[in-house]
Amino acid sequence: MRKKKTVTLQDLSRHSGLSVHTVSKALRGLPGMSEETRNQVHKVAQEIGYRTKDQERVHAVERIPLHPQKPARFKMVVSDKYETFDLVHLILSGLQEKLSEYGHSIETVTIPYRLEPDTLLQWSKTHQFEYCDGVFVTPMIGQAQEAHLLQYSIPRILINFPGPAAKVDSVVWDVGTAIHQSVRHLLSKGHRRIMYIGNIDIHRGFILRWQSFLSAMKEGGIHVNPNEHMTGGLGGQETWSAQLVEKLRQFQPSAILSAINHELVWIYHACSMLGKRIPDDVSLISLAHAENAFVPELSRPTLMIRESGIRAAERMLWRMANPHLPYEHTLLQGGYYEGTTVKSI
């Protein structure tokens, strides 16, 4: 990547195929162009190393070097649970995009979800955590594993919701707001009998989803009976599917809110077992990580997962430059994609 002093607006104009006036407006966030054009300008600016004066000022204020004297080596710790594969891919993509701007590198390290406490230290030594410049801790790695990693004195960024008084900076996509967006959309379409599907224990993000559902339903004047919802883990697929069919038969919801991405195919299967079609008979919203190939027009809140990776990388560089400042926690709020799986009643 070229040094900033050699890159001008004229260079950016030439690389993007747009006028200097247009790229200047795009960088300043001014109206008068499509989001596609604006994103194109920002992408090219990043690729050739152009930064606005405001961006340089921010780096100077926060004491983050634009051109580090030596590349840093980071590690990203991920779970071996198969459900996290697409999640990890999006986070890593965001981390790599931002860190590569500064010449830094990142290595992915898998930690077993089932790991005995006395083997944690040996696992850490094997992966030489004491020699890396910082660590990113992703969701669903296990409580003991997370607690162990947060003890390290090296800079740490938790890409998850922090626990009480957690001594770590954190960045995560705002699932609480996503649940509220989903419930409000269903209520606006006339739905009152909304079934929640998703595990409500173990992980902080799962617990927050359920708490947000209760809050959003209360806001809409609807009492929630937990027995009418699927709040247990997936467990055995056949058993879980049979339980869902029975819940759907008893509760007769007009809409389903699936709070966990990987249960989507089983929801469709259960509905088909009862002869119900989505969205003609039952509307559906799911907190999918991204566009789903199985249901490309799925109605869903937009989860800022990749963007959380980008922001986490920025927070890491900030923490390295400001080790004495208080910890900060960042929530990234996305929009809502209406799709075609919700029908008015």
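Which strands form an open sheet of three, and in what order? Hi everyone, that is where I'd like to start today. The answer is E6-E7-E8, and the pairing is parallel.

Before we go on, a word on what we are looking at. This is a predicted model, where local features need pLDDT of at least 70, side-chain atom pairs count only at pLDDT 80 or more, and totals for chains, interfaces and linings use all residues. Residues are numbered from 1 along each chain as its sequence is written, and side-chain values use heavy atoms, with hydrogens and water left out.

Helices (H or I, at least four residues) and strands (E, at least two) are DSSP runs, numbered from the N terminus. Two strands pair if DSSP finds at least two bridges between them. In general, strands of a sheet pair through backbone hydrogen bonds, either parallel or antiparallel.

Strand E6 (194-197) and E8 are the edge strands, each pairing on one side only. From one strand to the next, the twist averages 15°. For angles, axes are lines fitted to C-alpha atoms, for helices over the stretch in contact, and the values run from 0 to 180 degrees between N-to-C directions. E7 and E8 pair in the parallel sense over four bridges, and Ala255 has Ser283 in E8 as its bridge partner. Helix H11 packs on this sheet, touching E6, E7 and E8, and its direction makes about 165° with that of E8. Contact, by the way, means heavy atoms within 4.5 Å. H10 lies across E6 and E7 and runs at about 165° to E6.

Now to the other sheet. What is the order of its six strands? It goes E2-E1-E3-E4-E5-E10, an open sheet with parallel pairing. E2 and strand E10 (329-332) stand at the edges with a single partner strand each, so one side of each is left without a neighbour in the sheet. Here the twist averages 20° from one strand to the next. Strand E1 (residues 73-79) pairs with strand E3 (residues 134-137) in the parallel sense over four bridges, and Val77 stands opposite Val137 in E3. Helix H5 (residues 85-101) lies across E1, E2, E3 and strand E5 (169-173), and it runs at about 170° to E1.

Another helix to find on your screen is H12 (residues 305-321). H12 has 17 residues and reaches 25 Å from its first C-alpha to its last, close to the 24 Å expected at 1.5 Å a residue. That expected span is 1.5 Å times one less than the number of residues. Is H12 mostly covered or mostly uncovered? Mostly covered: twelve of its 17 residues are buried. Buried means under 20% relative accessible area, exposed means over 50%, and partly exposed is in between (1.4 Å probe, protein chains only). Among the buried residues of H12 are Ile305, Met316, Leu317 and Trp318. The buried residues pack against E1, H5, E3, strand E4 (156-158), E5 and E10.

Let's turn to the loops. Pro112 lies between strand E2 (105-111) and helix H6 (117-126). With a relative accessible area of 25%, Pro112 is partly exposed. Which residues does Pro112 contact, leaving aside its neighbours within four places in sequence? They are Asp80, Trp123, Ile141 and Gln145. The C-alpha atoms of Pro112 and Gly142 are separated by 8.5 Å, and the two residues are 30 apart along the chain.

A few backbone details next. Most residues other than glycine have a negative phi, and most peptide bonds are trans. Gln128, in the loop between H6 and E3, has a positive phi near 55°. Gln252 also has a positive phi, of about 55°, and lies in the loop between helix H10 (237-251) and strand E7 (255-258). Gln128 is partly exposed at 44% relative accessibility, and Gln252 is partly exposed at 39%. As for peptide bonds, the one from Ile278 to Pro279 is cis, with omega near 5°. Pro279 sits in the loop between helix H11 (264-273) and strand E8 (283-286).
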